[in-house]
Amino acid sequence: MSCSTASAAPSAEEMQRALDTHTGFMESLEILNPLDQAAYPPDFAPPLVAWEPSGFAQEHWLVRVELKDRSVLAASGQPFWRMDQDTWDAVRALAVKQPVRIHVTSFDGDRPAALGETRLSVAPDPFDARVLVQRIPVPFLHAQDNPGLSRWLLDDPTTLEPPVTVLSEMPHCGNCHTVSGNGKVFGMDIDLHGDKGGYALTDMDRDLRLGPDQFISWSRYKPDQPRRSMGLFTKLSTDGRFAVTTVKEKSFFIPIDHVTYSQLFFPIRGHLAYYDRQTGTMAALPGADREDRVQTSPALSPDGKWLVFAGAPLNQELLDAIGDRKFLPANGRYIDELNDLYPYQFDLYRMPFDQGRGGEPQPLAGASANGMSNYFPRYSPDGRWVVYCRAPTGLVQQPDSELWIVPAQGGQARRLACNTEPFNSWHSFTPNGRWIVFSAKQVSVFTQIYAAHLDEQGRASRPVLLDALAEHGAAFIIPEAVPADIPLRSIRIDVPAPDTTS
């Protein structure tokens, strides 16, 4: 969403006078942002108010913000309006104690035609992060075949400055990125010259130059055994010493030619391994290295003592269905039909990590044996909670995926109030643990980024849109909330082309 100036509209005062004398019926107008009862960080830039156009022939809008002793009026010729700084300062002063109401009225010419209302509050905790996110064209195969079209952005939602493009014109296929909890180590899947196991791993800096010395390859893991390792869903320890990933994997993959949900994807074979940057060791993680099960989607606790991962028994029917192929054709079927044809569910397990020595995994109570698929766990920075995705089946791009929270040792799981409809996934915590950022499709079929507040009891607020990370025609995925003082400003892949002369 942007805030370009539209054609001339009636003044706000004229529209308010027409509204004051109107006595007829008005339709309901849907306000897209802020969602009703959404909570904003106190240090955010002035918010964008956005709504669904009603479709009248001559449509203009009146926005009214109700403060304690006055109302702020604004006219708009487009279905959005950016709050000015003075109004936002007044809203912040009031909304920490009581919600502030915002009314939007649609006018058909000079006639009030539709009315919507929303309320926003301001949370007590700042948003102490920047958001590193990947912007990709859709559908997925288009992005995969054209890696140079993807961009990685670093957004500071406390300002109205546009996000910084830290990486563009990618020369290799690259996907999941991650940053250690202390913000000092950067990791990213990057295929180098056909090596699907290529992984960039380096200390954070203002200008990252990823040369050969900054890469490891998960293909090094037991290369004499069948199945090469690509490394799926890699995560770093808080101190950046360890990287944990899925190796010797086989994935069930069906690309879908559709912009909303463009793939069915989940591993159906694989176990966990780790890389120790201090010793250069790459080894299986004992306890999560079983060949009769799938072990994937790991997350390390902030103190490095524990690990949670998604696990499931092998499904021979799915292994036989895909065989040696890299993917199956969708044959005109979309995600719901494919989910019905190929159901698969994961449970979460908890086990000691112990600097790679591992231990015996146990089902995480509340996030296992619940008749659902549970995946993508993330620890809160204080180690008290695990927030994870839950859906009827599958793992990536599930329309019914929701964010749930459970105590880190297991217990009663709860659905978070920040969930939108449909699709909620790819979440991470800000360093202070009081905000989560995640991908959702509440406003558009093109995935966008939201933020929601979490209190001491792990209760979430309604979310707010990070409107700088919202664009028609592109999906914004894998938002990593990194420390606000992170120095990153650019990434360059500095790997020479292979020698083809010999």
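I'll start with one aromatic cluster, formed by Tyr40, Phe44, Trp88, Phe127 and Trp435. Rings of Phe, Tyr and Trp, the last by its six-membered ring, pair here if their centres lie within 6.5 Å; planes under 30 degrees apart are stacked, over 60 edge-to-face, and the rest tilted.

This is a predicted model, so local features need pLDDT of at least 70 and side-chain atom pairs count only at pLDDT 80 or more, while totals for chains, interfaces and linings use all residues. Residues are numbered from 1 along each chain as its sequence is written, and side-chain values use heavy atoms, with hydrogens and water left out.

By that ring rule there are 21 aromatic pairs. Tyr274 and Phe353 make an edge-to-face one, with 6.1 Å between centres and 85° between the planes. Tyr274 is in strand β20 (residues 263–276) and Phe353 in the loop between β24 (347–352) and β25 (362–363), 79 residues apart; strands are DSSP runs of E, at least two residues, numbered from the N terminus. Both Tyr274 and Phe353 are buried, meaning under 20% relative accessible area with a 1.4 Å probe, protein chains only.

Next, the cores: sets of buried Ala, Val, Leu, Ile, Met, Phe, Trp, Tyr and Cys joined through side-chain atoms within 4.5 Å. The largest nonpolar core has 69 residues, and Phe252, Phe266, Leu416 and Ile436 have the most contacts inside it. Strand β27 (residues 385–391) supplies the largest share, six residues. Apart from this core lies another of 43 residues, including Val122 and Leu469.

Last, a charge over a ring, where NZ of Lys or CZ of Arg is within 6 Å of the ring centre and within 35 degrees of the ring normal. Arg390 has its charged end over the ring of Trp404, 3.6 Å from the centre. Lys441 lies over the face of Phe423, 5.6 Å from the ring centre.

Key. Buried < 20%, exposed > 50% of the residue type's maximum accessible area, 1.4 Å probe, protein only. Helix = DSSP H or I, 4+ residues; strand = E, 2+ residues; numbered from the N terminus.
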